[in-house]
Amino acid sequence: MWLLKTLLCNEQTNEVFPQAVSMGPDYNWDSDTSVNAIQSNRTLDFHPNLRAFHLDPETLLTDIVSQGYIYTRGLLVSRHFKEVVDKYLLEPHADYEAEVVYRDTAYEYTWMHFTEEMESHIDFDHSTFRLVGQDATTNSTIAFKSQEELRKKCAELVHLGLGEVVAAHVEFIAGTPRFDLFILQLTAREILISDLLADRLSKSGFSGFELVPTADIFSIA
C-alpha cells in the first residue's frame, strides 16, 4: 500500500500551507450548517455549507486542497479527481458539493466526508504498533486491546507532546473490504491507498499530494 500525503508545503502549493485561508467575508460561522457543525465521522443529518473555501492567492490550485476548517476525516477534491477515485473501492463516505475560490474565480469541488472509523475494523489481538519518542530515539513495541485504548493513548501522546504511535503490523478483522482508499487515525492521520489506485494517480497528472510507499504492514484476516 501507499501513503497519500496531502499536507504539503512544497512547489505543488508554492510553499503555502494550508491553502485555504478563509471561508469568505459573509460566511455564517454560527449557522447549524456551517463547517463548525461537522463534529464527527458519522453520517450528517444536515447539508453543510461548503461555499466557499478561499485560497491564498500565492498558492497554486490543486486537485486536493489543504484546509484547516474541518477537522474530521475527509478530503477536499476537484470534481475530476473525484470522478477517477469513484471507480475504486473507497471507505464509506458521503459527498458534499463544495466551492473553492482562487484568485476571484470559483471552482466546483467535493468534500469527501468519511462516515466510519477504520480503527473499528482492527483485529487488536493480531496487530502491533510502535511507540516512537519525540526525539525519534525511543522506539518500542506497544499493543492495544481495543480501539478505545488506542484512542486514549494517542490522545495522551498528542496532548503531552511525548511522541507518536505508528503502525508496525495492522491486521483487519475478517470481512473487512479491501478498500483502495481508507483513513487510519493514530497520533497522526494516515490516508492509505492500494497499489492499483496509486498507479492510477501517479499517471493522472493530478496535484496536491505525494505518494509514499509503506512497508507491507496492513493485512485482512
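1. The lining of the largest pocket divides into 14 nonpolar, 6 polar and 3 charged residues. Here Ala, Val, Leu, Ile, Met, Phe, Trp, Tyr, Cys and Pro count as nonpolar, Asp, Glu, Lys and Arg as charged, and the others, Gly among them, as polar. Please keep in mind that this is a predicted model, where local features need pLDDT of at least 70, side-chain atom pairs count only at pLDDT 80 or more, and totals for chains, interfaces and linings use all residues. Residues are numbered from 1 along each chain as its sequence is written, and side-chain values use heavy atoms, with hydrogens and water left out.

2. Which residues lie nearest the centre of the largest pocket? They are T6, L7, G74, R189 and I191, out of 23 lining residues. Two or more lining residues come from each of β1 (2–5), β4 (64–65), β5 (74–78) and β12 (189–193). The volume is about 600 Å³. A pocket is an open set of points on a 1 Å grid over the protein atoms alone, where a 1.4 Å probe fits, with protein on both sides within 12 Å along at least five of seven lines; lining residues have an atom within 4 Å of a point. Points are joined across faces, edges and corners, and the volume is the space filled by probe spheres set on them.

3. The second largest pocket holds about 330 Å³ of space. Its lining has 19 residues, with R73, E119, R151, Q185 and L186 closest to the centre. By class, these linings residues are 6 nonpolar, 7 polar and 6 charged. Helix α2 (residues 147–160) gives the largest share, 6 residues.

4. Next, the sheet: 6 strands form an open sheet in the order β2-β3-β6-β7-β5-β4, with mixed pairing. β2 (20–22) and β4 are at the edges with a single partner strand each, so one side of each has no neighbour in the sheet. β2 and β3 (residues 51–55) run antiparallel, joined by 2 bridges, and S22 stands opposite H54 in β3. Strands pair if DSSP finds at least two bridges between them.

5. Finally, the whole protein chain has 3 helices and 14 strands, which are DSSP runs numbered from the N terminus (helices H or I, at least four residues; strands E, at least two). Of its 221 residues, 48% count as buried, meaning under 20% relative accessible area with a 1.4 Å probe, protein chains only.

Methods: Buried < 20%, exposed > 50% of the residue type's maximum accessible area, 1.4 Å probe, protein only.
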